[in-house]
Amino acid sequence: MLKLTQSENWERLQALAKQHQQTHLRDLFAEDQHRFERYSLPVQNILLDYSKNCVTEEVMEALFGLAKDMDLTGAIERMYRGAKINTTEDRAVLHTALRNRSNTPVFVDDVNVMDQINDELATMRRFVDKVRSGEWLGYSGKRITDVVNIGIGGSNLGPKMVSEALSAYAGNTLRVHFISNVDGVEVAEVLRPLNPEQVLFVVASKTFTTSETMTNAQTARNWLMASAFDERAVKNHFVAVSTNTEAVAEFGIDTGHMFTMWDWVGGRYSIWSAIGLPIALYIGFDQFEELLTGAHDMDRHFRDQSLEKNAPVILALVGIWNSLLHGAQNQVILPYDQPLKSFTAYIQQADMESNGKHVVQSGERVSYQTAPVVWGQLGIDGQHAFYQLLHQGNVIVPADFIGSVQSSTPVRGHHENLMANFFAQTEALMNGITEDQVREQLEGQGLDAKEIEDLLPHKVHEGNRPSNTVLLDRVDPRTLGALIAMYEHKIFSQGVIWDICSFDQWGVELGKTLAKGILAEINGDSTNAHDASTNGLIEYFKAQRS
Ligand code: F6P
């Protein structure tokens, strides 16, 4: 297979990046009245505007050429068809099958996985209906009022983000809570107001070995026992989502109350599997299916649409271009929808755990930048915190602005105010404000010449800061499904072009292994197996506690 650095288009892009060092977005807009139409596209209920990036027809052509050189289209086909593209774990990658509403067959090792998926969805629906209707009862005969998901990483971030995002669709049937941190503060805080007789715990862990989750699940079980005094209550109050039947049984959860997932579902792509159970419990199964449908709509777009009109591919390529042109090592994600308050954290895992890799598929060290540092928060809060750096700092941070035409909870006058800020920020980042404009402003305010000259450099905004605008119709289940899938496929496309394995996460293992040994040391074993700093810190910690 061709190496990225051997691609002619890669070389061409390096040259174009040099050539465009001085190009200003402001000038690109002045030169082309149709720039917005040229560099924006609608996809399902989403408008993607990428015109505020320093791209030209020539740059886009080279970027699409690069995607072709790296056989992105072939890679997409291989993923959808169940090829084992997670090469280091020898697994297929089939989150697209989980939401394959067309139900076309998908084979892994000659087995049509759609049968298993459909069975599991039907089981989930029956269970969700039982709990929501009040047919499923707690040990004392009371109905369930609260669902507590215990999981971490992909077994937490997705269900949490989507439940928050779709709370307007939830009604009053059930409340949902999330425990991920092994810091006892979280479990204590979440459980404090709850009545054990009416809580359903969903222990979500693909492996069912993750120590944070197992510790929290054990504490939750003890909490239940302190009220039920009968092991049989576990059956009414605990269900599991996992691939590890043995470990689920060993924990004491009835495997008849276990929901299955498969090794071809990556943790950070698992929201579409039974890991999404808390979402379905919260908003009802029909709405959960709408989420799947939205993702499937985007899957069809990604697979069927030409690269040139393909939203996830364009997002991926623009990201690669920004890292070439600006040396950008960051990507900030700025939702302007309160319901999307955890969207950045979700995409952060999806992107950084997938593409934060230092070797290419062959194992050779990668010679270019892979995943950027993804960060951000609700944009409107960010404006009063870190936007100063985005506007005038000496690093270029490409930004994705995500907002909606309609608020999911309209309150008179608020959404217009919010969106005015949304549009203003992308304009300000792009255009900036020149010396002449600042001077004119200050003169208008009556400052004298000396005052103006002193203030001038501080008030200039150079602009030329790239951003994408992602404008949703509204945050509803279908649109949200499409939005998440768009980012998943962006990440996939970048991984293919960078020639890395996007579906393993070996980088998280070392810390986990060391923590196991250190826990034994904290609990009594001697501390001398580490470097002086780590030994010293553990000893200090132990001494201060004794
Ligand atoms: O530590 C990384 C990770 O393996 C993630 O990829 C995953 O989402 C998370 O831990 C949780 O894993 P599990 O679902 O097996 O508990």
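Colleague: How far is an N or O atom in the side chain of Ser155 from an oxygen atom of the ligand?
Modeller: This is a predicted model, where local features need pLDDT of at least 70, side-chain atom pairs count only at pLDDT 80 or more, and totals for chains, interfaces and linings use all residues. Residues are numbered from 1 along each chain as its sequence is written, and side-chain values use heavy atoms, with hydrogens and water left out. A polar contact is a pair of N or O atoms within 3.5 Å. For Ser155, the distance to the ligand oxygen is 2.7 Å.

Colleague: What share of the ligand's exposed area does the protein bury?
Modeller: On its own, the ligand exposes 390 Å² (Shrake-Rupley method, 1.4 Å probe). The protein buries 89% of that.

Colleague: Which residues are the closest to the ligand?
Modeller: The ligand is surrounded by 14 residues, counted if a heavy atom lies within 4 Å of it. That shell divides into 2 nonpolar, 9 polar and 3 charged residues, with Gly counted as polar and Asp, Glu, Lys and Arg as charged. The closest are Ser155, Ser205, Thr207, Thr210 and Glu353.

Colleague: How far apart are the centres of domain 1 and domain 2?
Modeller: The domain bounds come from an automatic or database domain assignment, which gives domain 1 as 97-289 and domain 2 as 506-545. Taken over C-alpha atoms, their centres are separated by 32 Å.

Terms used: A polar contact is a pair of N or O atoms within 3.5 Å; within protein, one must be able to donate a hydrogen and the other to accept it, and residues adjacent in sequence count only if both atoms are side-chain atoms.
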